[in-house]
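Please look over the sequence and the three-dimensional structure shown below. The paragraphs that follow lead through them step by step.

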Amino acid sequence: MRTAFVEDLHRITDHLVEMTRLAGSAIGRATRALLDADIRLAEAVITADHEIDRAREDLDLHAIDLLARQSPVATDLRVVVTAMRMSADLERMGDLARHVAKVARLRYPEAAVPAELTATVVQMGQVAERIVAKAGSVIASRDLEEAKALERDDDAMDALHRELFDHLLDDKWTHGTQAAVDLTLVGRYYERFADHAVSVARRVNFLVTGEWDVAEDREDEEDRLLALRHTNQAG
């Protein structure tokens, strides 16, 4: 019985790692769609988001089943409960990639990113892909040093986000209000994508140590507000 339970826990970990792969693919393709005004790629990212949603549903159902059948305690209980929280973070990262793709679709056939900001957005996409790949590695290894180091990539994303805003607030901005709104949202999507990867790393720290950062609980409300802004902008 114990061997079967351990195998179930390993499957949950593998499932989470696969979700990081899906989220990384989504943000990479969304970035290309945004920069290239590629409507087909944008639509593909939007449509494929259901794969991440379904992955979260499957993982959560599996975790609930384990809770009901095995009544885990101590570290095992943390593994199951934390996995459900991490799946929510990863599903949200998929949503943010979808939001980026929706901006690309909304502005088609024009590119949503002016030429002078292309390099910044390229870097934001690269950091996003790198940070979610590292999140997958942290989930698999439970390496606390690697989890802590992941926050340096988040710092890089924050710096790029500030750089983007500096351009938007510059008196030389000539692309109008709509482009400024698009890029304000896009910048926030990338920033939150990285924040959720950091959240995953912090949940791994909780899984290993049992210690939790209460500041993390404020981020769900930020995501709800961001989703509302996206809905209003798209409408």
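Is the crossing of H1 and H2 left-handed or right-handed? The crossing of H1 and H2 is left-handed, a crossing being left-handed if the near helix is turned anticlockwise from the far one by less than a right angle, and right-handed if clockwise.

Some conventions come before the details. This is a predicted model, in which local features need pLDDT of at least 70 and side-chain atom pairs count only at pLDDT 80 or more, while totals for chains, interfaces and linings use all residues. Residues are numbered from 1 along each chain as its sequence is written, and side-chain values use heavy atoms, with hydrogens and water left out.

The protein chain has seven helices and zero strands; helices (H or I, at least four residues) and strands (E, at least two) are DSSP runs, numbered from the N terminus. From the N terminus on, the order of elements is α-α-α-α-α-α-α. Of the 235 residues in the protein chain, 48% count as buried. Here buried means under 20% relative accessible area, exposed means over 50%, and partly exposed lies in between, with a 1.4 Å probe and protein chains only.

Next comes the packing of the helices. Two packed helices are described by the angle between their axes and the distance between the axes. The axes are lines fitted to C-alpha atoms, for helices over the stretch in contact, and the angles run from 0 to 180 degrees between N-to-C directions. The axes of H1 and helix H2 (residues 39-70) come within 10 Å and cross at roughly 165°. H1 and H2 are therefore roughly antiparallel to each other, since angles under 35 degrees count as roughly parallel, over 145 as roughly antiparallel, 65 to 115 as roughly perpendicular and the rest as oblique. By class, the contact of H1 with H2 has 20 nonpolar, three polar and eight charged residues. In this classification Ala, Val, Leu, Ile, Met, Phe, Trp, Tyr, Cys and Pro count as nonpolar, Asp, Glu, Lys and Arg as charged, and the others, Gly among them, as polar.

Helix H6 takes part in two further pairs. The axes of H3 and H6 come within 9 Å and cross at roughly 165°, which makes H3 roughly antiparallel to H6. H3 passes H6 in a left-handed crossing, and their contact has 17 nonpolar, seven polar and eight charged residues. Helix H5 (residues 144-169) packs against H6 at an angle of about 165°, with their axes 9 Å apart. H5 is thus roughly antiparallel to H6. The crossing of H5 and H6 is left-handed, and the contact of H5 with H6 has 16 nonpolar, five polar and seven charged residues.

What does a search of the whole structure find? The search finds two cavities of 30 Å³ or more. On a 1 Å grid over the protein atoms alone, a cavity is a set of points where a 1.4 Å probe fits but cannot get out, and lining residues have an atom within 4 Å of a point. Grid points are joined across faces, edges and corners, and a volume is the space filled by probe spheres set on the points. The largest cavity has a volume of about 70 Å³. Its lining consists of Ile12, Thr13, Leu16, Val79, Ala83, Met86, Ile139, Arg142, Val204 and Leu207. Helix H1 (2-36), helix H3 (74-107) and helix H6 (176-209) are the elements that give two or more residues to this lining. By class, the lining has eight nonpolar, one polar and one charged residues.

Arg142, one of the lining residues, is placed in the loop between H4 and H5. Phi of Arg142 is near 55°, a positive value in a residue other than glycine. With a relative accessible area of 33%, Arg142 is partly exposed. Ala37, in the loop between H1 and H2, also has a positive phi, near 50°. Ala37 is buried, with a relative accessible area of 17%.

The loop between H3 and H4 contains Pro109, and the peptide bond from Tyr108 to Pro109 is cis, with omega near 10°. Glu116 is found in the loop between H3 and helix H4 (118-141) and is partly exposed, with a relative accessible area of 44%. The C-alpha atoms of Glu116 and His167 are separated by 9.0 Å, although these residues are 51 residues apart along the chain.

Key
On a 1 Å grid over the protein atoms alone, a cavity is a set of points where a 1.4 Å probe fits but cannot get out, and a pocket is an open set with protein on both sides within 12 Å along at least five of seven lines; lining residues have an atom within 4 Å of a point.
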